Amino acid sequence: AESVQFVLRHDSRGYLRFAALQGAFGQAVLARHGELRGVDSMLWVDPADGAMTERIHVRSDAALRACEYLGGWWRLFRIGRAVPRVMRDGLYRTIARHRHKLVTGERCLVPTPEQRARFID
């Protein structure tokens, strides 16, 4: 929720789409990737194209992928890939667990019609 709001605020291109894990799209992704069973975290889906199969990024990998997508100075966070995933994911879980204490201001997003169009089921 907070991560979606963050990306919506900083996504100047507006290409990214969002889906809940409980929705049809999310459930289809989880069905295709049995290794994600029980994961309750941010996922980034790089869709299959002619040369690549669908690729799923989870937890800190998904967050880093989002930073890469946002571009600009957010790309500096790519340096995080130098940190072992187990450490990054530990930090990711800590931030996720305490995110309500870290985020101030409005927490409930009322999407504009343009933003609402970016959500898929």
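This is a predicted model: local features need pLDDT of at least 70, side-chain atom pairs count only at pLDDT 80 or more; totals for chains, interfaces and linings use all residues.
Reader: Let's start with Asp 46: is it buried or exposed?

Author: Asp 46 is found in strand 1, which covers residues 43-46. Anything under 20% relative accessible area counts as buried. Asp 46 comes in at 16%, so it is buried.

Reader: Which side chain does Asp 46 reach with a polar contact of 3.4 Å?

Author: Leaving out residues up to four places away in sequence, Asp 46 touches several residues, including Thr 53, Glu 54 and Arg 65. The side chains make the polar contact at 3.4 Å, and the partner is Arg 65.

Reader: And His 57, what is its relative accessible area?

Author: His 57 has its place in strand 2, residues 55-58. Among the residues it touches are Met 42, Leu 43, Trp 44 and Ala 62, not counting residues up to four places away in sequence. His 57 is buried, with a relative accessible area of 7%.

Reader: Which side chain is joined to His 57 by a polar contact of 2.8 Å?

Author: The contacts of His 57 also include Arg 65 and Asp 46. Asp 46 has a polar contact of 2.8 Å with the side chain of Trp 44 too. For His 57, the side chain at the other end of the 2.8 Å polar contact is that of Asp 46.

Reader: On to the helices: how are helix 3 and helix 4 oriented to each other?

Author: Two packed helices are described by the angle between their axes and the distance between the axes. Here the axes of helix 3 (residues 60-70) and helix 4 (residues 85-97) come within 8 Å and cross at roughly 85 degrees. Angles of 65 to 115 degrees count as roughly perpendicular. That makes the two helices roughly perpendicular.

Reader: How many charged residues are there in the contact of helix 3 with helix 4?

Author: From helix 3 come Ser 60, Asp 61, Ala 63 and Leu 64, and they meet Arg 85, Arg 88, Asp 89 and Tyr 92 in helix 4. Three of the residues in this contact are nonpolar and one is polar, while the number of charged ones is four.

Reader: How many of the eleven residues of helix 3 are buried?

Author: Ala 62, Cys 67 and Tyr 69 are among the buried ones. Their cover includes helix 1, strand 1, strand 2 and helix 4. Helix 3 is largely enclosed by the rest of the structure, because the number of its residues that are buried is eight.

Key: Residues are numbered from 1 along each chain as its sequence is written. Side-chain values use heavy atoms; hydrogens and water are left out. Helices (H or I, at least four residues) and strands (E, at least two) are DSSP runs, numbered from the N terminus. Buried means under 20% relative accessible area, exposed over 50%, partly exposed in between (1.4 Å probe, protein chains only). Contact means heavy atoms within 4.5 Å. A polar contact is a pair of N or O atoms within 3.5 Å; within protein, one must be able to donate a hydrogen and the other to accept it, and residues adjacent in sequence count only if both atoms are side-chain atoms. Axes are lines fitted to C-alpha atoms, for helices over the stretch in contact, and angles run from 0 to 180 degrees between N-to-C directions. Angles under 35 degrees count as roughly parallel, over 145 as roughly antiparallel, 65 to 115 as roughly perpendicular and the rest as oblique. Ala, Val, Leu, Ile, Met, Phe, Trp, Tyr, Cys and Pro count as nonpolar, Asp, Glu, Lys and Arg as charged, and the others, Gly among them, as polar.
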